[in-house]
Amino acid sequence: MKIESKPAVRRRNAAVTREAILASARMAFARFGYEGAGVREIARGAGVTAMLVNRYFGSKEGLFAEVVAAIMAKPIILSPKNLKSKNPGQAFAAALVSITQGQAIPLEGFQIMLRSGSSERAAQIGREQIEKHYQKTLAAALSGELAAQRAAVLLSLVAGFQVMRQMIALPALTKASPEVLVKILGPLFQQLMKG
């Protein structure tokens, strides 16, 4: 008599499934942007169905908003350590130069916003999340007048530096030593931070 074994039934774990979808979405949005990433491809990357993605997040828009919010909730340059530094401008400059040097892969959040900005809805979601996280955090750490505007200018400089150094690969930035770039950026950032 032959005993047939039943295939093991994999129990669903909502938290694990949710994280798998978010991880797949981060990769897809970073690579293809909001318009180019499809829910079916995201689902396939997570090992689930598109229907399950929509059940968890409501829509591609809801998924995008959650991905962007999660990324911005874990800042790298705007870390508490950098914000509380004796010379935050220098700390910011060193962090920015470090994450953009050599063969460093551009950060997912940066890639997502860069590749999704042409979508009006994705840009709106990104703007809301930047204001809620990065700009609010930075403005709160700044003293003096026009803190929100100075924070926005500082964020613009960071994004522009990332584009020119990592995406465009401007030789004056890619070939410069980290020390030179920090020497240039540090006082500029410090001036914006101190008002």
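Author: Quick ground rule for the residue classes: Ala, Val, Leu, Ile, Met, Phe, Trp, Tyr, Cys and Pro count as nonpolar, Asp, Glu, Lys and Arg as charged, and the others, Gly among them, as polar. Sorted that way, the lining of the largest pocket has 22 nonpolar, four polar and four charged residues. Bear in mind that this is a predicted model, where local features need pLDDT of at least 70 and side-chain atom pairs count only at pLDDT 80 or more, while totals for chains, interfaces and linings use all residues. Numbering starts from 1 along each chain as its sequence is written, and side-chain values use heavy atoms, with hydrogens and water left out.

Now the pocket itself. A pocket here is an open set of points on a 1 Å grid over the protein atoms alone, where a 1.4 Å probe fits and protein lies on both sides within 12 Å along at least five of seven lines; a lining residue has an atom within 4 Å of a point. The largest pocket comes out at about 770 Å³, counting the space filled by probe spheres set on grid points that are joined across faces, edges and corners. It has 30 lining residues, and M72, G109, F110, Y134 and Q162 are the closest to its centre.

Helices do much of the talking from here (DSSP runs of H or I, at least four residues, numbered from the N terminus). At least two lining residues come from each of α1, α4, α6 (88-99), α7 (108-116), α8 (120-141) and α9 (147-167). The largest share, eight residues, belongs to α9.

Rings of Phe, Tyr and Trp (its six-membered ring) pair if their centres lie within 6.5 Å; planes under 30 degrees apart are stacked, over 60 edge-to-face and the rest tilted. That gives four aromatic pairs. In one of them, F29 and Y34 have ring centres 6.2 Å apart and planes at 20°, so they are stacked. F29 also pairs with F64: centres 5.0 Å apart, planes at 90°, so edge-to-face. This second pair bridges distant parts of the chain, since F29 sits in helix α1 (residues 14-36) and F64 in helix α4 (residues 60-72), 35 residues apart. Together, F29, Y34 and F64 form a cluster linked by ring pairs.

How buried is that cluster? Buried means under 20% relative accessible area, exposed over 50% and partly exposed in between (1.4 Å probe, protein chains only). F29 has 0% and is buried, Y34 is buried at 10%, and F64 is buried as well. Y34 has a charge over its face too: K60, at 4.7 Å from the ring centre (the rule is NZ of Lys or CZ of Arg within 6 Å of the centre and within 35 degrees of the ring normal).

Staying in helix α1, there's S24, which is buried at 9%. Skipping neighbours within four places in sequence, S24 is in contact with E41, I42, G45 and A46, where contact means heavy atoms within 4.5 Å.

Over in helix α8 you'll find T137, partly exposed at 36%. A169 is another non-glycine with a positive phi, about 60°; A169 sits in the loop between α9 and α10 (171-174) and is partly exposed at 38%.
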